[in-house]
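Opening the notebook on a new structure today.

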Amino acid sequence: MRTFSAIAGSALFLVAAPGVVAGLAPWLLTDHYRKPLSALPGFVAVGSILVTGAAAILLHAFARFALEGLGTPAPVAPTEKLVVGGVYRHVRNPMYVAVLSIILGQALIFSSWAVLVYGLIAAAAMISFVKLYEEPTLASRYGEEYEVYRRAVPGWLPRLKPWRGQAALCGRGADIQVRPSRER
C-alpha cells in the first residue's frame with residue numbers, strides 16, 4: 001500500500017472506530033457532554049490528563065501503522081510490515097489501551113457510572129477480539145517475528161524500558177525492520 005493510501009485509510013478508520021467507541025458513545029452516555037463536571041476533587045484534572053495523553057498516544061499509534069507498517073489498523077487493509085516501533089516498543093496494544101484510557105478519563109470528568117460500565121464492556125470486547133482474532137492472525141501473517149515480539153512486549157500494561165528488538169539480542173542495539181513471513 002502506498003503511504004498516502006495508508007494515511008487516508010488510517011484516518012478514516014480513526015474516525016470510524018475509536019471516534020465512535022471513545023467519542024460518540026461516551027458523548028451519548030453523558031447526554032452530549034451536558035452533564036455537570038465532577039465535583040470530586042481531582043477527577044476533572046486526572047480525567048483530562050488521561051483523555052489528552054491517550055489521544056496523543058492514539059494518534060501516534062495510528063501514524064505508526066500508516067508510516068511504518070504501510071497499512072491501516074482495519075482488518076480489511078492490514079499493514080505490510082509488523083509495527084514494532086515507537087509506542088509499540090512499550091505495549092502491543094496501544095490503540096486499545098488509549099481508547100480505554102479516553103473512556104475512563106471521560107468517566108472521571110463527568111463522574112459517570114454509565115461511561116465507566118460502558119468502558120468495562122468495551123474492554124471485555126477488545127480483549128476478546130485481541131485473543132480470538134488479532135493474535136492468531138498476526139501469528140499466522142508474521143510467524144516467528146511476531147512470536148518474538150509477543151514474548152518481549154506486554155499486551156496491556158506497558159513496559160517501562162522500550163523493547164530494542166532482535167538487534168539488541170545480537171548486541172547491535174538498533175531497531176529491526178520486521179517483514180511479513182512469506183510462508184502461508
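I started with the aromatic rings in this predicted model, and the count came to 6 aromatic pairs.

I picked out tyrosine 33 and phenylalanine 110 from these. Their ring centres are 5.5 Å apart and the planes sit at 10°, so I noted the pair as stacked; the cut-off for that is under 30 degrees. Then I checked where the two residues are. Tyrosine 33 is in the loop between helix H2 (18-29) and helix H3 (43-67), while phenylalanine 110 belongs to helix H4 (residues 94-110). The pair links distant parts of the chain, 77 residues apart.

Are these two buried or exposed? Tyrosine 33 comes out as partly exposed, at 35% relative accessibility, whereas phenylalanine 110 is buried, at 9%.

Next I looked up tyrosine 149 and tryptophan 163. Here the ring centres are 5.3 Å apart and the planes are at 55°, so this pair goes down as tilted. Tyrosine 149 lies in helix H6 (residues 144-152) and tryptophan 163 in the loop between H6 and helix H7 (165-169), so the pair ties together parts 14 residues apart in sequence. I checked burial again: tyrosine 149 is buried at 3% relative accessibility, and tryptophan 163 is buried at 9%.

Last entry: the helices. I found H3 and H4 packing at an angle of about 160°, with their axes 8 Å apart. That makes H3 roughly antiparallel to H4, because angles over 145 degrees count that way. I wrote down their crossing as left-handed. What kinds of residues make up the contact of H3 with H4? I got 20 nonpolar, 5 polar and no charged.

Conventions: Residues are numbered from 1 along each chain as its sequence is written. This is a predicted model: local features need pLDDT of at least 70, side-chain atom pairs count only at pLDDT 80 or more; totals for chains, interfaces and linings use all residues. Side-chain values use heavy atoms; hydrogens and water are left out. Rings of Phe, Tyr and Trp (its six-membered ring) pair if their centres lie within 6.5 Å; planes under 30 degrees apart count as stacked, over 60 as edge-to-face and the rest as tilted. Helices (H or I, at least four residues) and strands (E, at least two) are DSSP runs, numbered from the N terminus. Buried means under 20% relative accessible area, exposed over 50%, partly exposed in between (1.4 Å probe, protein chains only). Axes are lines fitted to C-alpha atoms, for helices over the stretch in contact, and angles run from 0 to 180 degrees between N-to-C directions. Angles under 35 degrees count as roughly parallel, over 145 as roughly antiparallel, 65 to 115 as roughly perpendicular and the rest as oblique. A crossing is left-handed if the near helix is turned anticlockwise from the far one by less than a right angle, and right-handed if clockwise. Ala, Val, Leu, Ile, Met, Phe, Trp, Tyr, Cys and Pro count as nonpolar, Asp, Glu, Lys and Arg as charged, and the others, Gly among them, as polar.
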